[in-house]
Each structure stands twice: as structure tokens, then as C-alpha cells.
Amino acid sequence: MALHVFILIVTATIATTVSATDHIVGANKGWNPGINYTIWSNNQTFYVGDFISFRYQKAQHNVLQVDKVGYNNCTIEGALGNWSSGKDFILLDKSKRYYFICGIGGCSNGMKVSVLVHSISPPPRSDVVSAVHSSEKSAAPVTFHGNFGSILVFVGLSMTICMLQDLMSFG
């Protein structure tokens, strides 16, 4: 029984860390002036637990998290966060709208991005879920797409392993 609990804890932990996405701002163009980051962010879907990362020349730019007023006016007063490594990975840990700007003059040249972070991924669509049932006593292999799909698959596999171990111990 202790082995079953251990397997479930380990697989749930692994599955939780697998589902985060790293959204690289501007993709291959990076964090630079003259890029429309609104178009980039509108083509992304952000969830709690994802990362947003900024890639830029360290001496030329930085990243500040600001409120909506700071974003709209390119002002840095009351900044909520400040990064300047050139490769900044920022955890999106709450469901809300985040605002980021370059605080070294780049904001007025378009270096600002706003992202809306959703609390959970949408449920899987029926066309991407498949299940095969072989009997009432066996676990059905199920494939899910989405942030929580990997958790369900790992837990399902763990339960199958536990059931097999129980069956083998009776034999």
C-alpha cells in the first residue's frame, strides 16, 4: 500500500512540472524596439504556472512589471518587478493581466507587452480524446491534450501499475 501512495505522489509531482509552457516574448525576434508585441501576445494562450521569458542585450534593455497605468504611459514609478539579466524567466503565478515594459527608453518604441493569464486549461475536445476499454476491471488507456492531460495519464498509469501488483500478489 505504501508503494502505491509513493507512486501516485511521484507521478503527480512529475506531471505537474511537465505541463508549464515557456513563452518567449517576440519568439525569434526577442525583446527589441519596433516589434508589435500585441500581435505576438494575442497569438499565445497563457495559463497559471507558465513562464514568460525575455531575451535581449543586457546593457541595452531591461524588463519591468508595471500596472495598467505604467503600461499605458510608459512610466516606471511603482514597478512591481525588475529584471535585467538578458534572459529573464518570469513565472506567471496568478490568473490576471500582467503588464511588462522596457524601463530604459524602449517602451516608447513599442517594447511593452500585456498578457492575460487564465486559471486552468480548457477541457479536452472530444476529437482529441480517445479511450479503449478491454474490460470493466482494467484501466483504459486515455490520451488527453492540455495542461492537465499529463497528470491524468500519469495517475492512470500509476493506478494500472498498482492494480497489476495487487493481481500478481494474489496469484
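A disulfide here is a pair of cysteine sulfur atoms within 2.5 Å. Keep that cut-off in mind as we walk through this predicted model, which holds one such link. The partners are Cys74 and Cys107, with their sulfurs 2.1 Å apart. The link between Cys74 and Cys107 is left-handed, with -70° about the S-S bond. Cys74 sits in the loop between helix 3 (68-73) and strand 5 (81-83), while Cys107 sits in the loop between strand 7 and strand 8, so the bond ties together parts that are 33 residues apart in sequence. Cys74 is partly exposed, at 29% relative accessibility, but Cys107 is buried, at 5%.

So what about Cys102? Its closest cysteine sulfur, in Cys107, is 7.9 Å away, which is too far for a bond. Cys102 is buried too, with a relative accessible area of 2%.

Now for the inside. In soluble globular proteins, nonpolar side chains tend to be buried together. The largest nonpolar core in this model has 19 residues, and those with the most contacts inside it include Trp31, Phe54 and Val115. Helix 2 (37-42), strand 3 (51-55), strand 7 (97-101) and strand 8 (112-118) each give two or more residues to this core, and strand 8 gives the most, with three. Look at Val115: beyond its sequence neighbours within four places, Val115 is in contact with residues including Trp40, Phe46, Ile52 and Phe100. A second, separate core has six residues, among them Leu64, Val66, Tyr71 and Tyr99.

Finally, the surface. Phe51, Phe89 and Leu91 make up a nonpolar patch there, with about 270 Å² of accessible area together. Phe89 belongs to strand 6 (residues 87-91) and is partly exposed, at 47% relative accessible area.

Note on methods: Residues are numbered from 1 along each chain as its sequence is written. This is a predicted model: local features need pLDDT of at least 70, side-chain atom pairs count only at pLDDT 80 or more; totals for chains, interfaces and linings use all residues. Side-chain values use heavy atoms; hydrogens and water are left out. A nonpolar core is a set of buried Ala, Val, Leu, Ile, Met, Phe, Trp, Tyr and Cys residues joined through side-chain atoms within 4.5 Å. Buried means under 20% relative accessible area, exposed over 50%, partly exposed in between (1.4 Å probe, protein chains only). Helices (H or I, at least four residues) and strands (E, at least two) are DSSP runs, numbered from the N terminus. Contact means heavy atoms within 4.5 Å. Patches are made of residues with over 30% relative accessible area and no salt bridge: like charges are joined within 9 Å, nonpolar side chains (Val, Leu, Ile, Met, Phe, Trp, Tyr) within 5 Å. Accessible areas come from the Shrake-Rupley method with a 1.4 Å probe; for residues, only the protein chains shown count as cover. A salt bridge is a side-chain nitrogen of Lys or Arg within 4 Å of a carboxyl oxygen of Asp or Glu.
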